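Please study the sequence and the model shown here before reading on.

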Amino acid sequence: MEALLRELHEGPDGIPEYRDTEISGADLTIGSAADQRIQLLGRAVAPEHAVIRKSGSKLELSCRSGERVRVNGEPRSSSKLEIGDVIELAGHQLTIAEAPGGFDVAIELRPNENIDASEFESAFRTDLGQTWLSKRPAAWMLVAIVLIFGVVLPVSVIVMHHAQREVPAWVPGDDFWNSGPLSPAHQQAAGVRCDTCHQEPFVRVQDEACQSCHKTIHDHVSPEHLALTQLGPTQRCATCHREHNEPASFLVNSSDSMCIECHQDSTKKFAQLHVEPVTGFSAGHHPQFKARLLKPTVITAGSTFELEWKTWTRRSSNRTSSSRTPSTSIRIASCAAATASRSIVRTVIVSSRTASTSSRSRWRIAAPSVTS
Amino acid sequence: MIHRNLLLFRGARYLWWSLGLLVISGVLYATQGKVQPPNGGTWQGYVLGSIGAVLILWLTFLGVRKRRYNSTMGTVQGWTSAHVYLGTALLIIATLHAGFQVGWNLHTLAYVLMIVVIASGFFGLYSYLNHPGVISKNREGGSRAELFAELFELDRESRSLAQKCAPEVGIAVASSIERTTLGGGVYAQLFSGDESFFVRGAGSPVRNTDQQAVVDFVAERLPRAQKGIEAANLQQLIVLLCRRQAVLRRIRRDIRLRGWLKIWLYFHIPVTFALLFALTLHIVSTFVYW
C-alpha cells in the first residue's frame with residue numbers, strides 16, 4: 001500500500017506549514033513506538049495502537065485489543081474508512097483525503113501540539129515492567145515444574161506400582177523423594193521400590209518390613225527380659241540402623257555411644273535385670289565379659305561331672321510363637337577330684353552342639369571360660 | 001540514604017541477631033554425629049530445619065509487609081535490614097540442616113532454589129548499595145522526566161531548524177528523530193541496545209547508532225554551505241544534534257542502570273514461590289516416607 005502522509009503545522013506567523021511523507025508497506029501502523037509508520041505521542045497512545053489496511057478497494061481501521069479511537073466522534077475499535085472520515089486519538093487528528101495519482105490513500109495529520117515532555121516519555125519502553133518479563137507467570141511456571149517432578153510423577157508411579165504395572169526405569173518417580181543413598185545391599189534389594197520398606201505412608205518403617213528379608217535375626221533383648229526393665233517398648237530396628245545416611249556404611253553403627261546410651265545407667269533403666277553399667281569399651285569402663293545368659297546344668301558322671309550351658313531363645317522367624325528350643329548347648333567336662341581343692345574347676349570343652357535355628361547365635365563363638 | 005543505612009540499621013542490630021542464630025545452629029550441628037552422622041533426621045536436624053523453614057516464611061513476608069503502608073510492625077527499613085542478615089544466615093543454617101549432603105532429589109532441589117533466591121538477593125543488595133549513587137550522578141541530580149523534557153525540546157528545536165536547511169538535511173534530521181530508539185526489550189534496556197536509523201539522502205534508512213551518523217551527515221554539509229546563514233544554521237544544528245546525542249546517552253545509561261537495579265527481582269520473586277512450594281513438598285515427602 002502506498003500512502004501519502006501530510007503533516008500540518010501552524011507556522012511561526014500563523015501560516016499553515018505542511019510536510020509530506022511517502023509511506024509504503026502492507027500495513028499503515030499507528031502508535032507511540034519508534035517503529036510505527038505513523039508515530040503519535042501521548043499517554044493515551046499505545047506503543048502499537050491501530051492499523052490501517054486496504055481490503056479490496058476499501059480502507060479498514062482496526063485497533064489492537066483494548067485500544068480505541070474516535071471515528072467521526074464515535075469511539076470505535078474498528079471501522080471502514082471513507083474519504084472525509086476523521087480519526088481522533090489523544091488530540092491528534094487524522095483525516096482521510098482524496099489520494100493523488102500513484103497513492104492508495106492520503107492522510108492529513110494535525111498533531112496535537114500540546115503534547116508535553118512527560119507524555120513524550122511514554123513513547124518509549126524504559127522500564128523492565130513494560131517488557132515480556134513478568135514475575136507472576138515465571139512463578140507459576142517454576143511451581144508447575146516442581147509440581148510435576150515433586151508430586152505428579154511420584155504419585156503416578158506409586159499408583160502404578162500399586163496396580164502392579166511396569167514403570168520404565170527412566171521415569172522419575174517417588175525415588176525423587178529419596179533423602180540420601182541406600183546401603184548397597186538394600187539398594188539392590190529394593191531398587192526404586194520405596195514401598196519395599198516404607199509400606200505405610202506417614203508411618204515409620206516397621207520391623208516386619210526388615211524381617212521379611214532378615215528372617216533369622218534375633219532381638220537384642222528378648223521381650224521377656226525387656227519387660228523386666230524400664231526401657232519401654234521394644235526399639236524398632238531402624239532406631240539403631242539408620243538408612244539414607246551418608247556414608248552408607250553408617251547403617252551398621254559401630255560407635256560405642258549407641259551402646260552406652262542405654263547401658264551407662266543400667267542400674268536405673270534395667271531395673272530387675274542385673275546388667276552392670278557400661279560407660280565405654282576401655283578398661284575400667286566395661287565390666288568383665290560373662291556368660292550371663294547361659295544356664296549351667298550339672299550332670300554327674302561317675303567321679304566327674306559335666307556342666308551343660310544352655311541359652312533359651314525364641315524361634316526368630318515366628319514372633320508370636322511361644323514355643324522354645326534350646327538353641328545352643330555347650331557341654332563342658334570338668335574333672336574335679338573330690339580330694340583336690342574345690343576352689344579351682346578346670347574346664348575343657350568336649351562338645352559344642354548348636355541347634356540349626358541358632359547357627360548365627362553369638363554364643364557359638366563366645367566360648368565361656370568358667371572359673372569359680 | 002536508605003541504602004547507606006540498610007546494613008547499619010540501628011548499629012547493625014540484625015547482624016548480631018544473625019550471628020547469635022548462627023552460633024546456636026553451629027552448636028546444634030556440632031552436637032550431632034554420635035549415634036548417626038549429621039543430617040536433617042536427627043533431633044538437632046529437625047530443629048535446624050524448623051528454624052530454616054520459619055526463616056523462609058518470615059523472609060517471604062517482607063513482600064507483604066512492604067505493601068502494608070499503614071502497618072506499625074517495625075519500619076520497612078528495619079525489616080529489609082533483618083531480611084538481608086537473616087537471609088544470609090539462612091544459607092548457613094540450611095546447609096547445616098542438610099549436613100552438607102546433596103543428591104538428585106527433591107530435598108536438594110529445594111536447597112538449590114533457596115541458593116538461587118539468596119544469590120539473586122546478594123546481587124540485589126549489591127545493586128541497591130551501588131547503583132543509586134551512579135544513577136543520580138548520571139542524571140546530575142535531576143530526574144528522568146527532566147532528561148526527557150530536555151530531549152523533547154531539543155527534538156522540537158532541531159526539527160524546526162533543520163526545515164530551514166536543505167531538504168535532505170530536513171529529511172535526515174526529522175527521520176533521525178522519528179527513528180530514535182530508547183529502551184525497548186529486555187536486552188535493549190539492560191545493554192543499551194540502539195536500533196536507531198535515519199534517512200540519508202534519497203536512499204533507504206541507514207543505521208544511526210549513538211546518533212553519530214546523522215551528526216556526521218550534517219557536518220559533511222557544512223563546508224559546502226553556500227550562504228553565511230546556511231552555514232550558521234548548520235552549525236547551530238550540529239550543536240543541537242550533539243546535545244541531543246549527549247542527552248540520549250544519559251537516558252540510555254539511566255535505563256540500563258535502572259534495569260540492572262530491578263532485574264534480580266525477576267529471579268528473586270518467582271524462585272521464592274517455587275521454593276515455598278518445594279519446601280512444603282520437602283517436609284511432606286519426608287514424613288510420607290518417614
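## Helix pairs of chain B

Helices α7(B) and α11(B) are roughly antiparallel to each other, because an angle over 145 degrees counts as roughly antiparallel. The axes of α7 (residues 144-163) and α11 of chain B come within 9 Å and cross at roughly 155°. Axes here are lines fitted to C-alpha atoms over the stretch in contact, with angles running from 0 to 180 degrees between N-to-C directions. The crossing of α7(B) and α11(B) is left-handed, that is, the near helix is turned anticlockwise from the far one by less than a right angle. The residues of this contact comprise 13 nonpolar, three polar and nine charged.

In a second pair, helix α5 (residues 76-98) and helix α6 (residues 106-138) of chain B have axes that come within 10 Å and cross at roughly 150°. This makes α5(B) roughly antiparallel to α6(B). Their crossing is left-handed.

## Basis of the model

The model is predicted: local features need pLDDT of at least 70 and side-chain atom pairs count only at pLDDT 80 or more, whereas totals for chains, interfaces and linings use all residues. Residues are numbered from 1 along each chain as its sequence is written, chains are lettered from A and ligands numbered from 1 in the order in which they are written, and side-chain values use heavy atoms, with hydrogens and water left out. Helices (H or I, at least four residues) and strands (E, at least two) are DSSP runs, numbered from the N terminus.

## The sheet of chain A

In chain A, five strands form an open sheet with mixed pairing, in the order β4-β3-β5-β6-β9; two strands pair if DSSP finds at least two bridges between them. The edge strands, β4 (38-39) and β9 (78-81), each pair on one side only.

Strand β3 (residues 28-31) runs parallel to β4(A), and two bridges join them. Within this sheet A:I30 stands opposite A:I38 of β4(A).

## The cavity

One cavity of 30 Å³ or more is counted. A cavity is a set of points on a 1 Å grid over the protein atoms alone where a 1.4 Å probe fits but cannot get out, and lining residues have an atom within 4 Å of a point. The largest cavity holds about 30 Å³ of space, the volume being that filled by probe spheres set on the points, which are joined across faces, edges and corners.

Its lining consists of A:T126, A:D127, A:L128, B:Q189, B:I255, B:R258, B:G259 and B:K262. Helix α11 (residues 228-263) of chain B gives the most to this lining, with four residues. By class, the lining has two nonpolar, three polar and three charged residues; Ala, Val, Leu, Ile, Met, Phe, Trp, Tyr, Cys and Pro count as nonpolar, Asp, Glu, Lys and Arg as charged, and the others, Gly among them, as polar.

Terms used
On a 1 Å grid over the protein atoms alone, a cavity is a set of points where a 1.4 Å probe fits but cannot get out, and a pocket is an open set with protein on both sides within 12 Å along at least five of seven lines; lining residues have an atom within 4 Å of a point. Angles under 35 degrees count as roughly parallel, over 145 as roughly antiparallel, 65 to 115 as roughly perpendicular and the rest as oblique.
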